[in-house]
Amino acid sequence: MPVFTARLAAVRLRLRPEGDPEAERLLTEAADAAGEWGAEAAGAARMLLVQHYAHTGRTGPARTQLTLLEGEFGEVTPALFWGLAGGTWAWLDCVDGAYDRAVERLARAVVDVETLAHLVAPYLVVAQFGTAAWARGGRGGPGDAEAGARFLGAYDAHAGAGTGGFRPFTPETEALIRARAEEVLRAALAPEAYTRHYEEGAALSLRAAADLVRRPWTAPGA
């Protein structure tokens, strides 16, 4: 099963940050083979490869893999999968410093993810909040850091919601996204302001926080 091979290869790569060419080859081959098993299998395997490339500073190959993944989606692929791909594009944009584009992608991604996620996997909506926090903090426009702190609060408050099943990112990627978001937000806000807006976000319902992500030009309190 290609997904099983991909997961084993991904574990080897995480355990050997200095590099493991054989494990990378296995992961690449598994990602290519997984497309024959349907959108979910292809998504799981290619997402592992996308994350590996991004973590090793190769966002170009990561984007190529994401393009291949979208090409493997069929006409009947649920909007949920397109939304998860959109959230991943947004993460790569953040890694590359393209924050405007990340914010706009996330607004569309949340709309697609919400079509099913609230019913079957609420965490797939929550997963977008960490990237949204990083993107708004990185963009640095009026109200962006405040909104980002809110998203981070919402992310932490709802991170345990429906965590079973498919997850777009590994725990390692999730932790890195969250850490980067907090770093840029604390650099942009005074400690008191960061705490205030973070707590406001933590008090938001899942749907209310998602609604704010869908409105990328809305400042806190608007």
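The legends below describe close-up views of a predicted model.

In this model, local features need pLDDT of at least 70 and side-chain atom pairs count only at pLDDT 80 or more, while totals for chains, interfaces and linings use all residues. Residues are numbered from 1 along each chain as its sequence is written, and side-chain values use heavy atoms, with hydrogens and water left out.

View 1. The largest pocket has a volume of about 360 Å³, where a pocket is an open set of points on a 1 Å grid over the protein atoms alone at which a 1.4 Å probe fits, with protein on both sides within 12 Å along at least five of seven lines, and a volume is the space filled by probe spheres set on the points. Its lining, meaning residues with an atom within 4 Å of a point, comprises 20 residues, of which Leu 13, Arg 14, His 52, His 55 and Thr 56 lie nearest the centre of the pocket. Two or more lining residues come from each of α1 (2-15), α2 (21-34), α3 (39-55) and α10 (171-188), and α3 gives the most, with four residues; helices here are DSSP runs (H or I, at least four residues) numbered from the N terminus.

View 2. Two aromatic pairs are found in a search of the whole structure, a pair being rings of Phe, Tyr or Trp (its six-membered ring) with centres within 6.5 Å. The ring centres of Tyr 194 and Tyr 198 are 5.9 Å apart and their planes meet at 25°, so this pair is stacked, a label for planes under 30 degrees apart. Both residues lie in helix α11 (residues 191-202), four residues apart, about one turn of the helix. Tyr 194 is buried at 4% relative accessible area, whereas Tyr 198, at 21%, counts as partly exposed (buried means under 20%, exposed over 50% and partly exposed in between, with a 1.4 Å probe and protein chains only).

**View 3. Helix α5 and the glycine that follows.** The 18 residues of helix α5 (residues 79-96) should span 26 Å at 1.5 Å a residue, which agrees with end C-alpha atoms 26 Å apart; the expected span is 1.5 Å times one less than the number of residues. Of these 18 residues, 13 are buried, and the helix is followed by Gly 97, whose phi is positive, near 80°.

**View 4. The surroundings of Gln 65.** Gln 65, in helix α4 (residues 59-72), is buried, with a relative accessible area of 8%. Leaving aside residues up to four places away in sequence, Gln 65 touches Ala 31, Arg 46, Leu 49, Val 50 and Tyr 53, contact meaning heavy atoms within 4.5 Å.

Methods
Rings of Phe, Tyr and Trp (its six-membered ring) pair if their centres lie within 6.5 Å; planes under 30 degrees apart count as stacked, over 60 as edge-to-face and the rest as tilted.
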